[in-house]
Amino acid sequence: MSKKKRRPYKEYNRKHGKIDGLPPELKATFEQMLLTNQYYWQIQEFLAENGVSVSQSAICRYAQHFDEDMQRLMIANENFKAMMQELE
């Protein structure tokens, strides 16, 4: 029998947290609160008021990944703008 090659951990580790399963409107508000630098306890209270129990550590983990994604998006946007300027 041949051994199956495993993919790197990050490639197949999908998110299944409570925050990822929030309704779109609630998740949009949650992410906006992250962007406006609200304290995690404030975000936790907001979610609790809307019937969602989430720990501050879960919010922190989500915020770290969200921040990484926003940074990548900003870099891609800057690269796109630079490419468009070169074409003009």
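What follows is a short walk through this model, by question and reply.

Me: Where should I start, and how much can I trust the model?
Reply: Start with confidence. This is a predicted model. The mean pLDDT of the chain is 86. Of its residues, 82% reach 70 or more.

Me: In which helix is confidence lowest, and in which is it highest?
Reply: Where pLDDT is low, the predicted coordinates should not be read in detail. Here the lowest confidence falls in helix H1, residues 9–12, with a mean of 54. The highest falls in helix H3, residues 40–49, with a mean of 96.

Me: Next, the secondary structure. How many helices and how many strands does the chain have?
Reply: Count the elements, then read their order. The chain has four helices and zero strands. From the N terminus on, the order is α-α-α-α.

Me: At what angle do H2 and H3 pack?
Reply: For a helix pair, look at the angle, then the distance between the axes. H2 and H3 pack at about 165 degrees, and their axes are 10 Å apart. An angle over 145 degrees counts as roughly antiparallel, so H2 is roughly antiparallel to H3. Their crossing is right-handed.

Me: Which residues make that contact?
Reply: From H2 come Leu26, Thr29, Phe30, Met33 and Leu34. From H3 come Tyr40, Gln42, Ile43, Phe46 and Leu47. By class, the contact of H2 with H3 has eight nonpolar, two polar and no charged residues.

Me: How do I read H2 against H4? What is their angle?
Reply: Helix H2 spans residues 24–35 and helix H4 spans residues 56–87. They pack at about 75 degrees, with axes 11 Å apart. Angles of 65 to 115 degrees count as roughly perpendicular, so H2 and H4 are roughly perpendicular to each other. On the H2 side, Lys27, Phe30, Glu31, Leu34 and Leu35 make the contact. On the H4 side, the residues are Ile59, Tyr62, Ala63, Phe66 and Met70. This contact of H2 with H4 has eight nonpolar, no polar and two charged residues.

Me: And H3 with H4: at what angle do their axes cross?
Reply: The axes cross at roughly 110 degrees and come within 9 Å. H3 and H4 are therefore roughly perpendicular to each other. The crossing of H3 and H4 is right-handed. Tyr40, Trp41, Ile43, Gln44 and Leu47 of H3 meet Gln56, Ile59, Cys60 and Ala63 of H4. The contact of H3 with H4 divides into seven nonpolar, two polar and no charged residues.

Me: Now single residues. Is Leu26 buried or exposed?
Reply: Compare its relative accessibility with the cut-off. Buried means under 20%. Leu26 has 11%, so Leu26 counts as buried. Leu26 sits in helix H2. Setting aside residues up to four places away in sequence, Leu26 touches Phe46, Leu47, Asn50 and Val52. Take Val52: 26 residues separate it from Leu26 in sequence, and the C-alpha atoms are 10.0 Å apart.

Me: What about the chain as a whole? What share of the residues is buried?
Reply: Of the 88 residues, 20% count as buried. Among contacts with a separation of 6 or more, 48% join residues 24 or more positions apart.

Me: Where is Asp67, and how accessible is it?
Reply: Asp67 lies in helix H4. Its relative accessibility is 43%, so Asp67 counts as partly exposed. Asp67 and Leu34 are 33 residues apart along the chain. Their C-alpha atoms are separated by 8.8 Å.

Terms used
Residues numbered from 1 in each chain as written. Predicted model: local features only at pLDDT ≥ 70, side-chain atom pairs only at ≥ 80, totals over all residues. Heavy atoms only, no water. pLDDT = per-residue confidence, 0-100. Helix = DSSP H or I, 4+ residues; strand = E, 2+ residues; numbered from the N terminus. Axes fitted to C-alpha atoms, helices over the stretch in contact; angles between N-to-C directions. Parallel < 35°, antiparallel > 145°, perpendicular 65-115°, else oblique. Contact = heavy atoms within 4.5 Å. Nonpolar A, V, L, I, M, F, W, Y, C, P; charged D, E, K, R; others polar. Left-handed = near helix turned anticlockwise from the far one by under 90°. Buried < 20%, exposed > 50% of the residue type's maximum accessible area, 1.4 Å probe, protein only.
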